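The following note sets out points for the attention of colleagues examining this model. The comments are arranged by topic.

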Amino acid sequence: MSNTINRKAVAWKGYEKFLFRLFFIYFFLQAVPLDWKYYRQVFSIDWSSLGYGAIFNLAHYAPRFTSGTPGYVDWGILLAIAFSGAIGWTVIDTRRYHVTNYDNGYYWLRVIVRYRLAIGIIAYGFIKLFPLLSPYPSLSNLNTEYGDFTRWKLFSLSLGIVPSYESFLGAVEIVGGLLLFYRKTASIGAFIIAVFLGNVFMSNVAYGGGEEVYSLYLSSLALFVLSYDAVRLLNLLLLQRAAAPNRYRPVFAGRGRRYARLAFKTAFILFFVVLYGFKTRSGYKHAPYQFPTSKGLPGAAGIYNVSEFIIGKDTLAYSKTDSTRWQDVVFENWATLSIRSNRPVLLDSNNSERPGLPDDERDYELEGSAGRHYYTYTNDSVNRLLTLRNKNPHYAGERWVLHYERPLGSRIVLSGVGSVGSGGEGVGSGKDSVYAVLDRIDKKYLLEEARKRGRQGGLSL
Amino acid sequence: MSTATPAPVWTGAQKLAFRIAAFFFISISIPNSVEWYNTVFHIDWTRLHYRDLYDIARFGSGINLFGDHLFGSNLLGYANWIITLLISIAAGVIWTVVVRRRGTERKEYNTFYYWLRVVVRYRAGIGIIGFGFTKLLPVQMPYPGLGLLNTNFGDLTAQKIFWLSVGIVPWYQVFAGVIEVTAGTLLFFRRTTTLGAILLFGALGDIVYVNFAYDGGVHVYSSYFVLLAAFLLADDLPRLYNLLIRERDTQPHTYYPSFSARWLKIARIGLKGLTFFLFLGVLFYLQLVNFLYDPYKQPAVAGLRTLRGSYAVTEFRLNNKVVPYSPSDSLGWKEVEFEKWSSLSYVVNKATPLDLSNGGGDPQRDVNRNFEITGVAGGRRVFHYYADTIDKVLYLEDKYKAIPDRRNRAAGAGGDGGAPGPADIAATTGRGHRKGREAQAQPRYDAGMEKSPKGSNGKDWISAAALAHIGKEVDQIDPRAASTRRDQEYAQAKWEKRNRMVLRYDTIDGGNRVILSGINERNDSVYIVLDRINKNYVLTESSLQAGKY
């Protein structure tokens with residue numbers, strides 16, 4: 001598995017060797033999971049019911065020395081380690097080994113980076129190809145004012161309304177990733193990914209996304225892979241000079257090594273592409289991760305006008321400015337209910353991907369969104385009781401127990417008590433009683449009407 | 001002639017393909033509408049507007065002598081390409097037969113191929129730069145005004161949502177513009193053509209998909225650049241394949257005609273210099289002026305400072321009867337916004353006809369700049385106002401009109417503009433004739449102001465005294481943004497059928513309360529008490545803001 005066939009080993013210059021050592025240590029540490037926290041994650045996976053979320057998290061590795069998400073500081077530490085390591089390595093080499101070149105080492109480092117990058121990009125590719133990452137907006141999202149969202153949330157919602165485009169973006173990532181698995185197409189794949197991730201990085205910066213560092217991390221891997229062919233490409237395309245191809249061929253001497261290579265490559269692709277692809281596909285059909293999946297109050301999904309509203313003993317008239325008066329209520333298909341009022345919302349500002357969370361921790365619907373308060377509920381259908389809990393971590397203590405009547409198909413009457421709990425504000429403090437008559441609005445959304453009828457004909461709404 | 005040795009003899013198939021390609025790509029690189037030539041011919045080069053150069057850069061092309069329909073369909077707008085291709089194939093075959101019969105067939109088309117690439121390079125380069133500058137100085141996608149910020153997400157079209165999603169991040173829009181302008185500039189140099197073409201292919205390929213997904217309506221024009229980029233890439237792709245996949249030694253493209261003759265040198269440098277000067281220098285300056293003082297999708301004239309803001313409707317009286325506030329009632333106003341420009345926006349819970357266009361184009365008059373209503377529902381109405389600040393009266397005109405203006409006139413077929421819209425259709429019907437008579441009945445014009453000879457009560461809509469107080473709208477932007485185009489469009493303004501209101505405004509408590517009273521669009525008297533809402537939006541504004549208000 002060493003040496004080349006049709007190429008005389010060319011001696012590398014001193015600085016080339018030093019740079020190689022530096023990059024080798026740096027990218028090896030960036031790409032190969034040595035972080036013990038990663039293995040804690042590996043061992044916590046329930047392999048009997050492996051979901052796409054677990055595989056996504058395995059592929060979403062970046063080393064970190066601090067708690068929280070990886071940052072540029074971690075890169076700095078790695079670079080410092082790589083720099084001192086390269087100096088030590090150079091000293092030892094000049095004293096003892098006198099290595100003339102690192103053609104083999106470069107090849108294998110590139111293999112490691114290629115595979116690391118491939119699974120990282122494909123992990124994102126499949127949750128876009130099967131549009132899980134940005135789902136179609138919920139009813140509550142559709143009924144929230146544009147200015148009540150953060151930029152990042154608007155980015156995600158805007159992508160969510162066009163699943164076909166999201167799939168297209170995912171397909172580009174997957175194609176780029178697959179090209180990395182083959183030496184000859186690796187640079188083409190790396191180029192596609194570098195351009196794609198460059199844009200993802202810019203989007204994260206502009207929209208305040210949570211994957212800024214990670215997307216730049218993957219971009220840096222792509223640029224490293226591409227740099228192998230960069231000189232010949234620039235020669236051919238830009239300087240318009242004759243270009244020499246890559247002449248290095250890895251040699252896998254002996255059957256054992258050939259089989260080992262084949263087995264490793266196959267296993268890798270089977271797990272991170274084929275199995276993961278199937279898991280995301282079935283996840284898209286049966287287990288999307290952004291919205292909860294437990295069923296809501298049967299037949300209740302929709303937006304409701306609050307025709308009557310009594311808090312304690314006071315009947316409150318309609319008001320867009322009162323912080324207590326409910327303006328409208330949305331029942332989702334799943335067990336979430338949201339209330340619009342002028343009561344302020346402290347934002348749940350998570351903006352990074354967390355697939356695989358249990359139902360009651362899925363907060364995508366309220367992340368980066370004000371204007372409404374979101375409650376998850378359980379339904380005691382015998383006693384007709386909804387037990388509500390505010391989903392926003394800033395209002396974790398808020399609970400309501402509401403009795404419901406459904407005198408008409410389109411009307412729900414809620415009555416009961418609750419408390420906002422500590423730290424919250426708005427609906428009084430301590431125990432409050434509330435009585436609300438909700439009437440379903442036959443709401444037509446332009447987003448959907450224009451899609452059905454096209455923009456050419458006239459439309460009144 | 002050449003600096004190296006290109007293929008000395010082309011195969012028969014290569015030559016046939018070249019002849020077809022030559023016909024096809026030259027056809028789609030030349031403007032095909034009379035209006036374009038007319039527009040360009042009438043440009044006033046002494047008082048330019050950015051749209052003058054934009055119009056030069058953006059045109060429809062392809063052979064359209066035989067119409068733009070195939071089998072009764074325009075094939076999503078691509079029928080023109082197919083027709084052009086069919087004609088090019090026919091022309092290529094005839095050409096081949098003729099030269100073979102006459103025995104005058106050439107061995108190769110190296111020089112012709114070079115010049116064909118030059119034509120395509122410059123067409124693509126100028127076209128994408130024209131587009132790119134409206135992003136580089138971010139005006140193509142405006143930041144939403146108060147009315148849009150207060151509109152529910154589901155009450156917008158997909159097209160609107162995409163435009164807004166870029167509008168909220170002006171710096172990202174700048175980035176997209178830099179990519180487009182860079183791609184275009186790279187195409188002006190033969191060595192960087194492939195890089196530019198790759199960039200153009202990637203960026204515009206994405207935009208094509210965006211247009212299909214969001215129903216953006218510019219899919220043909222964006223596909224056009226993908227097609228041109230693909231043609232430019234065709235030359236180097238086999239070399240890349242040879243180098244990377246087959247791993248063989250690869251020779252670069254080296255055939256260039258000689259420019260040693262003096263007049264050739266001068267012509268080349270002169271034309272190239274002119275292109276740079278016009279489309280990188282002058283266009284940048286004009287676009288900067290547009291960004292600073294007259295962002296083309298937003299009204300340019302500043303709104304009244306004392307009124308700007310969002311308001312809750314505390315009291316609403318219609319013909320002296322109070323209409324109690326209720327979300328389900330269809331008479332009263334639910335909320336009111338005064339934008340930083342000259343627009344009043346309000347919501348009524350009653351269906352209204354919508355304008356589902358992109359809200360772009362090149363209208364100069366603020367009343368026709370309708371980005372704030374296009375693709376927006378939720379009962380929102382937006383009126384443009386002329387303010388008489390001395391008598392405190394607003395003269396309001398609905399931004400919606402049943403017969404919309406034709407936009408991107410110079411673009412024509414293949415440029416995703418000027419497709420016959422309702423306005424053109426109406427011109428041949430009774431409706432259009434009536435409109436024409438209405439226009440004729442209105443000979444008097446006062447710059448910047450439409451006037452009716454007689455309002456419903458037998459008087460002018462705006463009295464001469466009020467007109468004097470209002471002043472001329474055409475002059476109410478920064479003088480640096482003045483242009484012949486603007487003056488002409490204001491001068492040609494005609495009386496149109498729109499909803500109109502005349503409302504007196506009174507401010508109380510330092511502007512925290514505003515009372516509007518007067519006649520609404522249905523000639524009913526209204527009395528509206530508004531209380532200011534100081535809302536902190538979660539969506540944070542950028543440091544980069546277009547316009548001067």
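In which hand of crossing does helix 7 of chain A pass helix 7 of chain B? The crossing is left-handed, a term that applies when the near helix is turned anticlockwise from the far one by less than a right angle, clockwise being right-handed.

This is a predicted model, in which local features need pLDDT of at least 70 and side-chain atom pairs count only at pLDDT 80 or more, while totals for chains, interfaces and linings use all residues. Residues are numbered from 1 along each chain as its sequence is written, and chains are lettered from A and ligands numbered from 1 in the order in which they are written.

1. Geometry of the helix pair. The axes of helix 7 (residues 151–160) of chain A and helix 7 (residues 158–167) of chain B come within 10 Å and cross at roughly 150°. Therefore helix 7 of chain A is roughly antiparallel to helix 7 of chain B (angles over 145 degrees count as such). Axes here are lines fitted to C-alpha atoms, for helices over the stretch in contact, with angles from 0 to 180 degrees between N-to-C directions. Helices are DSSP runs of H or I with at least four residues, and strands are runs of E with at least two, numbered from the N terminus.

2. Residues of the crossing. Chain A contributes L154(A), F155(A) and S158(A) to this contact, and chain B contributes I161(B), F162(B) and S165(B); residues are in contact if their C-beta atoms, placed from the backbone, lie within 7 Å. By class, the contact of the two helices has four nonpolar, two polar and no charged residues. Ala, Val, Leu, Ile, Met, Phe, Trp, Tyr, Cys and Pro count as nonpolar, Asp, Glu, Lys and Arg as charged, and the others, Gly among them, as polar.

3. Burial of helix 7 of chain A. Ten of the ten residues of this helix are buried, among them R151(A), W152(A) and K153(A). A residue is buried if 20 or more other C-beta atoms lie within 10 Å of its own, exposed if 12 or fewer, and partly exposed in between. The cover includes helix 6, helix 8 and helix 9 of chain A, together with helix 7 of chain B.

4. The chain A–chain B interface. In total, 58 residues of chain A are in contact with 60 residues of chain B. Helix 9 (186–207) is one of the elements giving two or more residues to the chain A side, and the largest share of that side, seven residues, comes from helix 9 of chain A. By class, the side of chain A that touches chain B has 32 nonpolar, 16 polar and ten charged residues.

5. A loop residue of chain A. R183(A) lies in the loop between helix 8 and helix 9 of chain A. R183(A) counts as partly exposed because 18 other C-beta atoms are within 10 Å.

6. Organisation of chain B. Chain B has 16 helices and nine strands, and 45% of its 549 residues count as buried. Its domains, from an automatic or database domain assignment, are domain 1 (9–108), domain 2 (109–240 + 268–293) and domain 3 (309–401 + 442–494 + 498–533).

7. Domains 1 and 2 of chain B. The centres of these domains, taken over C-alpha atoms, are separated by 21 Å. Contact involves 18 residues of domain 1 and 22 residues of domain 2. Helix 1 (12–27) and helix 3 (50–57) of chain B each supply at least two residues of the domain 1 side, with the largest share, five residues, coming from helix 1 of chain B.

Methods. Angles under 35 degrees count as roughly parallel, over 145 as roughly antiparallel, 65 to 115 as roughly perpendicular and the rest as oblique. Two residues are in contact if their C-beta atoms, placed from the backbone, lie within 7 Å.
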